[in-house]
There are 4 protein chains.
Amino acid sequence: MIRVGIINVTGYAGAELARLLYMHPEVKVTSVTGRTAAGKTLAEVFPHLWPLDLKVGNELDDVDFAFSALPHGASAEAVAPLVRKSLPVVDISADFRLTDAAEYQRWYDVDHPAPELLADAVYGLTELKRSAVRQARLVANPGCYPTGALLALAPAVKGGIIEPDVVIDAKSGISGAGRSLGLTYHYAEANESVAAYAMEGHRHLPEIVQELELLRPKAEALLRVTFQPHLVPMTRGILTTCYAPLADGRAVTKAKLHELYEEFYRDEPFVRVTAEPPQTKHTWGNNLCLLYPTVDSRVGRLVVVSCIDNLVKGAAGQAVQNMNLMLGFSEAAGLDLPAVYP
Amino acid sequence: MIRVGIINVTGYAGAELARLLYMHPEVKVTSVTGRTAAGKTLAEVFPHLWPLDLKVGNELDDVDFAFSALPHGASAEAVAPLVRKSLPVVDISADFRLTDAAEYQRWYDVDHPAPELLADAVYGLTELKRSAVRQARLVANPGCYPTGALLALAPAVKGGIIEPDVVIDAKSGISGAGRSLGLTYHYAEANESVAAYAMEGHRHLPEIVQELELLRPKAEALLRVTFQPHLVPMTRGILTTCYAPLADGRAVTKAKLHELYEEFYRDEPFVRVTAEPPQTKHTWGNNLCLLYPTVDSRVGRLVVVSCIDNLVKGAAGQAVQNMNLMLGFSEAAGLDLPAVYP
Amino acid sequence: MIRVGIINVTGYAGAELARLLYMHPEVKVTSVTGRTAAGKTLAEVFPHLWPLDLKVGNELDDVDFAFSALPHGASAEAVAPLVRKSLPVVDISADFRLTDAAEYQRWYDVDHPAPELLADAVYGLTELKRSAVRQARLVANPGCYPTGALLALAPAVKGGIIEPDVVIDAKSGISGAGRSLGLTYHYAEANESVAAYAMEGHRHLPEIVQELELLRPKAEALLRVTFQPHLVPMTRGILTTCYAPLADGRAVTKAKLHELYEEFYRDEPFVRVTAEPPQTKHTWGNNLCLLYPTVDSRVGRLVVVSCIDNLVKGAAGQAVQNMNLMLGFSEAAGLDLPAVYP
Amino acid sequence: MIRVGIINVTGYAGAELARLLYMHPEVKVTSVTGRTAAGKTLAEVFPHLWPLDLKVGNELDDVDFAFSALPHGASAEAVAPLVRKSLPVVDISADFRLTDAAEYQRWYDVDHPAPELLADAVYGLTELKRSAVRQARLVANPGCYPTGALLALAPAVKGGIIEPDVVIDAKSGISGAGRSLGLTYHYAEANESVAAYAMEGHRHLPEIVQELELLRPKAEALLRVTFQPHLVPMTRGILTTCYAPLADGRAVTKAKLHELYEEFYRDEPFVRVTAEPPQTKHTWGNNLCLLYPTVDSRVGRLVVVSCIDNLVKGAAGQAVQNMNLMLGFSEAAGLDLPAVYP
């Protein structure tokens, strides 16, 4: 049995990793750390995790594989020594997602703690990077928003059917903001309310742009991406609506679009093109990404909707999916779970 | 005291009219009708309206002013005879919003019951049609989505600062779907979920396009509008996010934009340009529209957010605002209410 | 116009006072204080209160009437000097509710800052203390839970129809916990969950017992009260379910019970005995208490349900109701508002 | 692989059975029926169940084990012929829970369709009936409320520490009301509201009384049970608060109580006595029952709280637990799942 460690199990992504790995047939979580909770049992911090029977430590014990769910900055610092001694790692933070350390510095406002590892890190949007992930020692797990946006846009961008002028309007449940307290996430203030936020630019934008550029068949014109996130009053889930003008002369029908998307994601265990517009609840607790592409034929615009659970496909689930590839397991091991509905 | 009637008080817009008019200093609701509830007291249908002490009737009694909150089709049929005998009416349905009966037929799939009245009807987005509303005998109260979208876009469109290429992504609370039952609005299915709907085109689109056309300073290029509504798990509120490329050569700053919007809505009692991105909850139960315009300067795109309560500024509140103008009252009479927060 | 001050406007009770008083025809809020927000405008703290146009101060300006919405301990300290110079005050905190300073010390774990004022303070459950409130200079506004419980039990206790053995099971929305942050009130943790809390005894218990004792016609047997509060995932509202064995030989019918309750609350502007079991939403934003008494005739037990909005009848609304009596206004002045529904 | 059928998969209990059985290592769902959905695929009715790839039929195919999730009345009719040909069945409806056909008739208002099977049916509250369930061919799966109430009360009743005078105040999520539409479950009406219902007596009461009677060590005095259910605005979960006077002379401490409960449920895979008051969310999606007993020592009253997921331990999960015993599997097979949190 492979021994797995989780650095910073005390946030929602860390706790969700623990939940998913408990159901995994090939690995066992044997060590977990957490800054403020060290010394407590996992069940004291998260009563729903009582079957794991682990103590939260300060340092990771000897393990065969590690996940880091630390915040950015701290994560690279913790992960770098592990990678250097060849431990395979999936980092859930943003630290190894951007290939350019200067761009990282611009958006995250800290110098990158381990820029020399950036070249080795693989951006782990599994469906788009499968073979690289298989070889990787360090996988940078994508952000929740980029996961939803990139899976929605990849077939259209790679297929060259849209202009490089994209609006991404994302609606996220509030667990995406993490477990740190704030008035914005105080129940009485967040409930029964929708708000746009990060209107001057969200840190997930450069990730989206970087990966969309890689998908473009030929990148002549400038790629213009506007990404606007919103908080909606629910716990889990991201619905992302993407808009882009169809490329000149492309009179794509909805039927053709569905064909294109189905072909692109053929045999993917965790992506489904749905016959009807999906809802986020259909992915509650599981690793699916549901996609529904259509065309506003009145004006020649692609509209694609994607749904994911931000804590699963948007974080811990995709991390496990990447681990499965890195360790040579079946990609869906431990992740073949129907959503919890209603 | 002016006697007011509400046709079809048994839906949410009708009930909200009754609530707001109860607090109005100049009028009194003296007659209400409702198809299935006829014979019951209003309090039996809506316990929160017990102080109104009215019986739901089949037919409107003699009144000085009428609101219709019937569904489209039925509303024009009920309203036409009233208008013909010169009773001033605000129609909350869609029946008199589109000036073109053929367009109405296309979107609503019924022949217009009273096309001869279309020319007399005023589209009652009060802030944009104040003087016409004052003279009107028949006001077509705007849809909830068009209210949020048009108030968000009007200054930019009229100011000529954007290309005629607009994406409107709207997030609505579930009361917008009305009181008719359906699995989509069944608590256990709607709760903790977001979904896009009407992806093949929503009936509020032609209204939005019609009114945006009227605002354009010169309409050379074709106006391309994509409108995509979403259901979010809350009872009231619509947040609308609008996107459009800045017109060529326009390097508009956020500060300039706020100036433009503040100037446009100077002295409006029910529109506020906010210093921080607003949330729908700040309009819960009142007639405000909150606006926050900004620029995605990386790509030269206008982004504007508006928040309204769909049942107030998006329906009953705006209807009362229009009544106030039609009857010569202060525009804010009965509507000067802080939102209920939290 | 009477000038009113609110001490500590920055919590939910304070903000709700500001909202209600804005709609009051006889008074005007002219001064508000708040510990951390001093120097800001009220609209910066609570955007929904922008029409009040007030600056949050450190000290109360000269006013004719004051509300204190400070936490216990701090409130008595702030209120005592005002009372001493004969300013009429409603204190929303717990400081003047218990007549016995030792009992106060036991439950609140601080020495009472102004025990000499306890004898003058009137416990302001308006419906039960109307004439005393009219004469009072200092009114102790009841807790939210006691308001719901006492109004539900008063007719039965005073009528002598139950044994002195009462279970009070209360379900409160989360705004009752205030605006201070905590994991328990963090959206993602509180949403979609119910929990019992304060299982070792809640501070509102002694208040309930003290007032029930006053209502008993003859208090031979010991009064045994168990009060258990619960948090439910909604913003506002308390539903209280009260259980007590019918007194020996009392074969009270549901019809008789309704008669008793209706008689007890005849002509009360803010208490209604409903024909069907009520829901908290029917009181959203207004000052009503809805009551539904019934009998479990299989076992001879009274069951009474009450619904209130914890921030209105449970706090700010009742405070205004008390102010109206103290200042000689109509008791319902500024409070005649239908609930906001749905 | 054991072939399992689900009769009426189209309600929430049926769908939850399908979800849980998909993760079960020993069985495979091979046939599902549904009245209105016959001919559709399961994924068309419940998109989250797409991996099951089954068509909804009119009749059950040949299977080795069947669950019925039909409403009462219809269920007995469908189940009786299966039982007669010796197919092992778990019936999730109420049809075989009451041993007395006359009592059934009184509460359900229909004549029992198969009274001759009542004697063979085992009331499947697994923890209390384990050996009988193992031998049973027909298990009557308990109602959701009785599951929460009986597990909370069993140790105290069996231990003889309380008077036979019990108040059960239950708070249920709205999925408990099923998938049938109704205004009470319409999102805009149910959201942000709590209500008591079935105040004249709920059908789960006789089940609770019947099973409590079996637990009493000596049943001299009459057992008086009041059971009052409430709807709270969440999708899943029941929190049950039980109250009863301690038996004469019993000065039970909280510590003793925890000992008693822990001893009673020692080695139970799905019952945990918690150190802190639990919340329903800690059981979201799994088969746990969390228990927290305490004493209101001021008045000598037992207070016990239990939390379950109404669709899992309260329905489908317990049904699978019973199936596991009936088929000789490990009791926890397929059910060893952490709750989904947050």
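Q: What is the area buried between chain C and chain D?
A: This is a predicted model, where local features need pLDDT of at least 70 and side-chain atom pairs count only at pLDDT 80 or more, while totals for chains, interfaces and linings use all residues. Residues are numbered from 1 along each chain as its sequence is written, chains are lettered from A and ligands numbered from 1 in the order in which they are written, and side-chain values use heavy atoms, with hydrogens and water left out. Buried area is the accessible area (1.4 Å probe) that two parts lose on being put together, summed over both. For chains C and D, carbon and sulfur atoms give 51% of it, and the total is about 4,200 Å².

Q: Which three residues supply more of the area that chain C buries against chain D than any other three?
A: Chain C and chain D each bring 51 residues to their contact (heavy atoms within 4.5 Å). A trio supplies 16% of what chain C buries there, and its members are Glu192(C), Val194(C) and Met199(C).

Q: Which residue of chain D forms a salt bridge with Asp169(C)?
A: A salt bridge here is a side-chain nitrogen of Lys or Arg within 4 Å of a carboxyl oxygen of Asp or Glu. The rule finds 6 of them across the interface of chain C and chain D. In one that involves Asp169(C), the closest N and O atoms are 2.9 Å apart, and the partner is Lys171(D).

Q: Which element gives the largest share of the side of chain C that touches chain D?
A: Helices (H or I, at least four residues) and strands (E, at least two) are DSSP runs, numbered from the N terminus. Elements giving two or more residues to this side include helix H7 (187–190), strand S8 (165–172) and strand S14 (301–308) of chain C. The side divides into 26 nonpolar residues (Ala, Val, Leu, Ile, Met, Phe, Trp, Tyr, Cys and Pro), 13 charged ones (Asp, Glu, Lys and Arg) and 12 polar ones (the others, Gly among them). With 6 residues, the largest share comes from S8(C).

Q: How many residue pairs in polar contact does the rule find across the interface of chain A and chain D?
A: A polar contact is a pair of N or O atoms within 3.5 Å; within protein, one must be able to donate a hydrogen and the other to accept it, and residues adjacent in sequence count only if both atoms are side-chain atoms. For polar contacts (both residues at pLDDT 80 or more), the number of pairs is 8.

Q: Which residue of S7(D) is the bridge partner of Tyr123(D)?
A: Chain D has an open sheet of 7 strands with parallel pairing, in the order S3-S2-S1-S4-S5-S7-S6, and strand S6 (122–123) is one of its edge strands. Strands pair if DSSP finds at least two bridges between them, and 2 bridges join S6(D) to strand S7 (residues 138–140) of chain D. Within S7(D), the partner of Tyr123(D) is Ala140(D).
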